[in-house]
Amino acid sequence: MTEQKKTKESWIVEGEETFYKTYNRFPVVFERGQGLYLYDTEGEEYLDFYAGIAVNALGYGDPEYTEHIRAQAEKLLHVSNYFYNTPSIEAGKKLTAVSGMDKVFFTNSGTEAVEGAIKIARRYAYNKTGKQDHEIIAMKNSFHGRSTGALAVTGNDHYQEPFQPLMPGIRFAHFNDLDSVRDLFCEKTCGVILETIQGEGGIYPATREFLEGVRALCDQYDALLIFDEIQCGMGRTGEMFAWQHYGIKPDVMTVAKALGNGVPVGAFLACGPAASAMVPGDHGTTYGGNPFVCAAASKVLDIFQSRKLTAHVKEVGEYLWEQLEEIAGSYGEITGHRGMGLMQGLEFSVPVGRIVSNALLEQKLVLISAGTDIIRFVPPLVIEKEDVDEMVKRLTAAIVSGRSWN
Ligand SMILES: *Cc1c(COP(=O)(O)O)cnc(C)c1O
């Protein structure tokens, strides 16, 4: 008796019956990946310019990475943070070295890294004053995660409203508007959190004047500057961390997404006095920093060095920029082009949902939007120029066939 292969449709029905519905998913069931291509249950091949939301920096099935995590899986997965383990010490040394930070704490996700960063800022101020009235300045149009602390600093009413009241003591300024930050600063301010390049909000890089000004305000008030580098960090912009383009160093930073290349691992890092603000008992995690995820992070950091990935990103990123500029010039509906390295966005005067789904379903190109009218390009960092050409071909076809404005 031969068992019939389950169809995509039946997988989707079962998925919808099972999952708590907080997503409207695309009707594609992915089964495996190789290089820059994903394959679904129907055997269809898709070019990936999305990398699982800026996660799969090395693409799929990288042999060196895969062999390393396979070997670690056989050796040791987890021991808890009551003991030392060698992969986390190695990963920690490499991550502090490339970031110039003094200390690291490994988390399971981005949102948890943000939680830790918020706790450092509060703890730092509490250590000085013993008061519990400290405020954090966050940015409108930002994204820092879905846990309630990270949500409290996420400047998006739509995400926040159903879950109020959230953590108190958060005030929102406008990104790249220094006066709006200065207006909120006061003796109670213990930290400022911002994305060096706003990702979900639509690929908005910070201006140098803004970062310099916020740095100066934090110094003046002895508040901590927190950069969320979860999306824009880990080589995506052509430097290991986006703030390194500006030469403006934070006191605390968060990383996740590409750090594990698909194995869930994040981190918060701190330098100077912020690096010792919390003490034993203040923070913890069961899984965070376990040998398995840290072996992945450690290998990712090695590969960045050995393959000179940041230099590669600079080069291919420039090429992507040129190609997208050309597209932007060819369609009147494209009203903006922003970003750095392999984190770029095209802004349209119309919603892009239709283009993105046409690209995916007809052209077999995986892309995502940021907001409703921006297409975001956050491909694996190992793409080559000819992959950009292939993407452009498919994107152009998707734009043409998806032009609801004709
Ligand atoms: C994705 C993201 C987060 C949240 O990370 P999760 O791993 O989904 O919790 C936080 N900040 C930024 C800038 C992000 O892009």
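A: We begin with polar contacts: a polar contact is a pair of N or O atoms within 3.5 Å. The model shown here is predicted. In it, a polar backbone atom of Gly110 lies 2.8 Å from an oxygen atom of the ligand. For Thr111, a polar backbone atom is 2.7 Å from a ligand oxygen atom. The side chain of Asp228 also takes part, with a polar atom 2.7 Å from a nitrogen atom of the ligand. On its own the ligand has 380 Å² of accessible area, of which the protein covers 81%.

Q: Which residues surround the ligand?

A: Among them are Ser109, Phe143, His144, Gly145, Glu195, Ile230, Gln231 and Lys257.

Q: Is Ser142 buried or exposed?

A: Buried means under 20% relative accessible area. Ser142 has 5% relative accessibility and therefore counts as buried. Ser142 is placed in the loop between β5 (135–139) and α6 (148–152). A polar atom of the Ser142 side chain lies 3.3 Å from the backbone oxygen of Val153. Leaving aside residues up to four places away in sequence, Ser142 touches Val153, Thr154, Gly155, Glu195 and Gln198.

Q: What is the order of the strands in the open sheet of 4 strands?

A: The order is β13-β14-β17-β16, and the pairing is antiparallel. At the edges are β13 (334–340) and β16 (368–370), each of which pairs on one side only. On average, neighbouring strands of this sheet are turned by 30° against each other, direction ignored.

Q: How many bridges join β16 and β17?

A: The two strands pair in the antiparallel sense over 3 bridges, with β17 covering residues 374–377. Ile368 stands opposite Arg376 in β17.

Definitions and conventions
Residues numbered from 1 in each chain as written. Predicted model: local features only at pLDDT ≥ 70, side-chain atom pairs only at ≥ 80, totals over all residues. Heavy atoms only, no water. Pairing = 2+ DSSP bridges. Axes fitted to C-alpha atoms, helices over the stretch in contact; angles between N-to-C directions. Buried < 20%, exposed > 50% of the residue type's maximum accessible area, 1.4 Å probe, protein only. Polar contact = N/O pair within 3.5 Å; in protein donor to acceptor, adjacent residues only side chain to side chain. Contact = heavy atoms within 4.5 Å. Near = heavy atom within 4 Å. Areas by Shrake-Rupley, 256 points an atom, 1.4 Å probe, with all protein chains shown as cover.
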